[in-house]
Amino acid sequence: GAETDPRITMKATATPLLITVLLGLTPFAVAWASGRRHSLMPVYLRQTAEDEPTAADTHLAFMSRRTLMQQLAGVSLATIAPADAIMTDETTSFANPATDASYKQQTPSSISFTQTTAVPVSDEVTFTITKADLKNMQGGLGLELGEVSFRTNFRVVIKSVAPNSLAERLGIQKDYVVVSVNGADAERTNAAGVAIYFSRAVKSVLNSSDGTNASLSLTFRDPSRFRDELKNFPTTDAGDRTGDSPTVSTKVAPSGDTTQRREDGSLRPGASLTEQSDQVITITQLIPPKLCTKRATTDDLLEISYIGRIVETGAIFDGSAVKINGEAIPGRGDDISIFFVLGKQPFGQFPPGWDVGLEGMCVGERRRLVIPPVLAYGSAGVPRRGIPPNATLQYDVTLVSRNGLATPQ
């Protein structure tokens with residue numbers, strides 16, 4: 001229907017401006033904007049009344065925007081289209097002796113190209129409550145539960161902790177996210193459901209035989225811990241997870257059913273049954289900064305050099321300094337870095353995981369972001385860019401400058 005709809009019109013004179021805008025983006029964004037969503041949108045070229053239609057006119061009347069852009073701009077964007085195109089990292093070849101070291105910084109050779117091993121989350125805390133503690137508690141655990149919901153998904157949080165309660169003595173904090181109760185997953189139920197989990201688990205421990213050493217295990221996610229770790233990467237236990245490089249991680253979405261449903265549980269129109277594995281984002285500090293007193297935060301203008309790979313295949317799919325099938329990207333000018341505003345990037349230009357993983361970064365620092373599908377390109381992927389559905393993406397990123405200053409701060 002859309003390919004033959006004459007109501008969709010665009011004057012050819014407006015197209016060069018569109019080309020200029022698109023060619024200023026990353027190779028990935030060019031592919032996205034020029035083909036992924038709009039490859040079937042026609043461009044209807046208006047003819048004057050005295051023009052007689054010719055074979056060429058007929059050809060131009062309904063051509064894809066992509067083809068029209070190629071003809072008007074005099075450049076070929078075809079190199080970025082095939083999903084089987086080979087992309088190479090040209091950071092070193094684009095650099096010159098005068099280029100600042102941070103621009104051409106690369107991942108140390110001692111670290112493998114892709115991180116394929118699962119990394120335990122670093123922001124969860126577990127409390128073990130003995131039977132004796134439960135017997136002596138007054139007025140229950142002392143926890144008030146709240147919930148945050150999005151569509152049919154829930155997160156149960158600690159809304160308040162009663163003074164002088166067992167929970168306060170244990171150190172359970174307000175705003176903790178409930179992860180599990182005695183091993184039962186609490187991340188896909190509401191506050192009423194978690195309250196039932198608590199009640200059953202407490203009764204089970206109190207009714208157990210004295211010789212069984214039964215206890216209540218509560219696991220929470222501390223939202224502030226992950227943010228703090230991004231500013232002060234751990235150097236002991238967590239660092240051992242990825243060789244000698246300190247690593248932090250958090251689960252942004254639990255495994256299970258992800259089907260879009262109405263509040264009554266029925267499927268939304270057009271929805272199908274879907275599910276996902278645990279969605280964990282992992283950030284590894286590959287190269288620490290020489291000096292770090294001012295860190296990247298929302299609204300900062302960041303200049304970064306990066307290379308992106310698909311974890312499942314190891315293939316390069318994006319980068320600030322790349323070639324495709326040996327050819328330079330039109331409009332890029334052999335640039336090594338790109339600019340963007342942290343937390344304010346246009347939807348679809350970069351994965352949302354950047355806003356999470358680059359928070360707290362310092363000039364001269366290099367990080368590895370392993371981004372799960374839910375913070376990347378989801379269950380659809382971007383097949384024409386070689387990104388399959390439910391792909392995990394890995395970005396090795398160097399912060400070159402912050403708000404125009406490239407010196408360590």
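A residue is termed buried when its relative accessible area is under 20%, and partly exposed when that area falls between this limit and 50%. The structure examined here is a predicted model.

Side chains of opposite charge can pair when their charged atoms come close. Eleven salt bridges are present in the structure. One of them joins Asp396 and Arg368, with a distance of 2.8 Å from N to O. Asp396 belongs to strand β20 (residues 393–402) and Arg368 to strand β19 (residues 366–371), so this pair ties together parts that lie 28 residues apart in sequence. Both Asp396 and Arg368 are buried.

A salt bridge is also formed by the side chains of Glu187 and Arg221, again at 2.8 Å (N to O). Because Glu187 is located in the loop between β8 (184–185) and α8 (191–206) and Arg221 in strand β9 (residues 215–221), the pair links parts 34 residues apart in sequence. Glu187 is buried, at 2% relative accessibility, and Arg221 is likewise buried, at 6%.

The side chains of Lys159 and Glu144 meet in a salt bridge of 4.0 Å (N to O). Lys159 lies in strand β6 (residues 153–161) and Glu144 in strand β5 (residues 143–150), so the contact ties together parts 15 residues apart in sequence. Lys159 is partly exposed, with a relative accessible area of 49%, as is Glu144, with 38%.

On the surface, Leu301, Phe339 and Val341 form a nonpolar patch whose accessible area is about 240 Å² in total. Val341 is part of strand β18 (residues 338–341) and counts as partly exposed at 31% relative accessibility.

Key
Residues are numbered from 1 along each chain as its sequence is written. This is a predicted model: local features need pLDDT of at least 70, side-chain atom pairs count only at pLDDT 80 or more; totals for chains, interfaces and linings use all residues. Side-chain values use heavy atoms; hydrogens and water are left out. Patches are made of residues with over 30% relative accessible area and no salt bridge: like charges are joined within 9 Å, nonpolar side chains (Val, Leu, Ile, Met, Phe, Trp, Tyr) within 5 Å. Accessible areas come from the Shrake-Rupley method with a 1.4 Å probe; for residues, only the protein chains shown count as cover. Helices (H or I, at least four residues) and strands (E, at least two) are DSSP runs, numbered from the N terminus. Buried means under 20% relative accessible area, exposed over 50%, partly exposed in between (1.4 Å probe, protein chains only).
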